[in-house]
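This report describes selected features of a protein model.

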Amino acid sequence: GGDLGWVREGQVVPEFFAAMSNLGKGKYTKVPVRTQFGWHVIRVNDVRDLKVLPFEKVRDQILQAVQAERIEEKISELRKTAKVQMN
């Protein structure tokens, strides 16, 4: 009962993606597709090519994400080994 928006492989369960991939624009599954989440009638409203951005355009975002991850790991490590005394 919902619009999933643009979907690519890995965002939905394999059975769902396989059924969806076999459909063309404006087509729907004639037989419901069963997944671990129940039964689905799938309709593809539109299809577009996946655009991969050049590394130079996403470099800063990747760098920030990696830095944030490393900071969280360090904070977690420090919390595990910290000895706090209250006077």
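Gly2 is found in the segment before helix 1, where helices (H or I, at least four residues) and strands (E, at least two) are DSSP runs, numbered from the N terminus. At 62% relative accessibility, Gly2 is classed as exposed; buried means under 20% relative accessible area, exposed over 50%, and partly exposed in between (1.4 Å probe, protein chains only). Between the C-alpha atoms of Gly2 and Ala19 there are 17 Å in space, and the two are 17 residues apart in sequence.

The model is predicted: local features need pLDDT of at least 70 and side-chain atom pairs count only at pLDDT 80 or more, whereas totals for chains, interfaces and linings use all residues. Residues are numbered from 1 along each chain as its sequence is written, and side-chain values use heavy atoms, with hydrogens and water left out.

## The largest pocket

The volume of the largest pocket is about 900 Å³. Of its 26 lining residues, those closest to the centre are Gly5, Trp6, Val7, Met20 and Asp46. On a 1 Å grid over the protein atoms alone, a pocket is an open set of points where a 1.4 Å probe fits, with protein on both sides within 12 Å along at least five of seven lines; lining residues have an atom within 4 Å of a point. Grid points are joined across faces, edges and corners, and a volume is the space filled by probe spheres set on the points.

Helix 1 (residues 14-21) supplies four residues, the largest share of the lining of the largest pocket. By class, this lining comprises twelve nonpolar, seven polar and seven charged residues. Here Ala, Val, Leu, Ile, Met, Phe, Trp, Tyr, Cys and Pro count as nonpolar, Asp, Glu, Lys and Arg as charged, and the others, Gly among them, as polar.

## Salt bridges

Two salt bridges are found in a search of the whole structure, each defined as a side-chain nitrogen of Lys or Arg within 4 Å of a carboxyl oxygen of Asp or Glu. In one, Asp46 pairs with Lys25, and the closest N and O atoms are 3.5 Å apart. This pair links distant parts of the chain, 21 residues apart: Asp46 belongs to the loop between strand 2 and helix 2, and Lys25 to the loop between helix 1 and strand 1 (33-35). Asp46 is partly exposed, at 38% relative accessible area, while Lys25 is exposed, at 57%.

Glu77 and Lys74 also form a salt bridge (3.5 Å, N to O). Both residues lie in helix 2, three residues apart, or about one turn of the helix. Glu77 is partly exposed at 43% relative accessibility, and Lys74 is partly exposed at 43%.

## Loop residues

Asp49 sits in the loop between strand 2 (38-40) and helix 2. With a relative accessible area of 68%, Asp49 is exposed.

Gly26 is placed in the loop between helix 1 and strand 1 and is partly exposed, at 49% relative accessibility. Gly26 and Val84 are 58 residues apart in sequence, with 62 Å between their C-alpha atoms.
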